[in-house]
Amino acid sequence: MNISPEEATQALRDIEASRVAMRSAFRSHRGHLYLWLWGSIWVAVSLLCWNGTPLGWRISGWLSLAGVAASFVIGTLQGRQVRSRIDKRFIAVCIAILVFGYVALPIALGPPHSYKAAYALGMLVWMQIYVVGGIWFDNYLLWVGIAVTVLVLASLLFLPGAFWACTLLAALVLVGTGSYVRYFWR
Amino acid sequence: MDALDPIIHQPARLQLMSALCQLDEGQRVDFTFLKDQLRLTDGNLGAHLATLESKGYISAEKEFVARRPKTFVAATPAGRAAFASHVGALQSILLPK
């Protein structure tokens, strides 16, 4: 098969146009909606709990439940367009992390001594899943997981007075990463 | 030496392979989503997918989602290799001799 340089140039242009269009379409399936959703929930919780109001603590539980339901809806709708194969080993690792964080650790060390510690534990458990997800699939999850883990642990252990400010910052890391993934990720 | 592949070179199939090669390994895309993104008709896309599938360049799997049949499409490793080879051949045409 022989073609002219002009035809080759046109074919390469068509390939590039299709590549750019599809990258943009597929980028909307790279998890930014989850990052925006949970980042927003964590922003709300951090602001509600800033002054230690019990109302904020109660609302945060309902917000988290709403977040789980919304995540399920997002996953279902997006799975109708672009699907990834279910990686059973990754699911097994996620379950192991959740069981370790929410069951084994509280049994071994006792329940968290304060709402801050309980909230930090919740964030840290999920961030370890982000770290594993980053190693398994997409690099950016690894960095988000590490950044939020460092922020939450450092504030809980060394800067308890700035805990909610740090969780707010951690939530903004999620929102910012979601925006980066949606608009700039290549 | 990379060679041009007449199956891939057809404009719609070139666009299709370029699109499918953007998916990550193990990802599949819905037929309707692909049709909308590439602005092809059902019949046109179906015919080109059948051609590519007969060469082993793509795989198509039918599944029921919410009790409706859906077709998910992905580029096979052979398809990715053939597309990369085709792009290499196109680029080599433009190299100064």
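Take the contacts in chain B between residues at least 6 apart in sequence: 59% of them join residues at least 24 apart, a contact being two residues whose C-beta atoms, placed from the backbone, lie within 7 Å. This is a predicted model, in which local features need pLDDT of at least 70, side-chain atom pairs count only at pLDDT 80 or more, and totals for chains, interfaces and linings use all residues. Residues are numbered from 1 along each chain as its sequence is written, while chains are lettered from A and ligands numbered from 1 in the order in which they are written.

Staying with chain B, there are 5 helices and 3 strands, in the order α-α-β-α-α-β-β-α along the sequence. Helices here are DSSP runs of H or I with at least four residues, strands are runs of E with at least two, and both are numbered from the N terminus. Along the principal axes, the C-alpha atoms of chain B fill a box of roughly 55 × 25 × 20 Å. Of its 97 residues, 30% count as buried, meaning that 20 or more other C-beta atoms lie within 10 Å of a residue's own, with C-beta atoms placed from the backbone (12 or fewer is exposed, in between is partly exposed).

On to chain A, which is assigned domain 1 (1–30) and domain 2 (31–183); such bounds come from an automatic or database domain assignment. Over C-alpha atoms, the two domain centres are 38 Å apart. Where they touch, domain 1 of chain A puts in 5 residues and domain 2 of chain A 8 residues.

The expected span is 1.5 Å times one less than the number of residues.

| Helix | Residues | End-to-end C-alpha span | Expected span |
|---|---|---|---|
| α2(A) | 18 residues | 25 Å | 26 Å |

In α1(A), the buried residues are Ala11(A), Ile15(A), Ser18(A), Met22(A) and Phe26(A). An α-helix has 3.6 residues a turn, so residues three or four places apart point the same way. The cover over the buried residues of α1(A) includes β1 of chain A, plus α1 (6–9), α2, α3 (31–38) and α5 of chain B. As for α2(A), its buried residues, including Trp38(A) and Trp42(A), pack against α3 (54–79) and α7 (163–183) of chain A.

Now the interface: 22 residues of chain A meet 24 residues of chain B. On the chain A side, α1(A) supplies the largest share, 14 residues. Strand β1(A) also pairs with β1 (residues 27–30) of chain B, running antiparallel through 3 bridges, where pairing takes at least two DSSP bridges.

Finally, the cores, each a set of buried Ala, Val, Leu, Ile, Met, Phe, Trp, Tyr and Cys residues joined through C-beta atoms within 7 Å. In the largest, of 27 residues, those touching the most other members are Met17(B), Leu20(B), Ile58(B), Val73(B) and Ala75(B). Two or more residues each come from α1 of chain A and from α2 (11–20), α4 (42–54), β3 (68–75) and α5 (77–94) of chain B, with α2(B) giving the most, 5 residues. Beyond four places in sequence, Ile58(B) touches residues including Leu20(B), Leu49(B) and Val73(B). Another core, of 24 residues, lies apart from this one and has Leu35(A), Trp38(A), Val45(A) and Tyr119(A) among its members.
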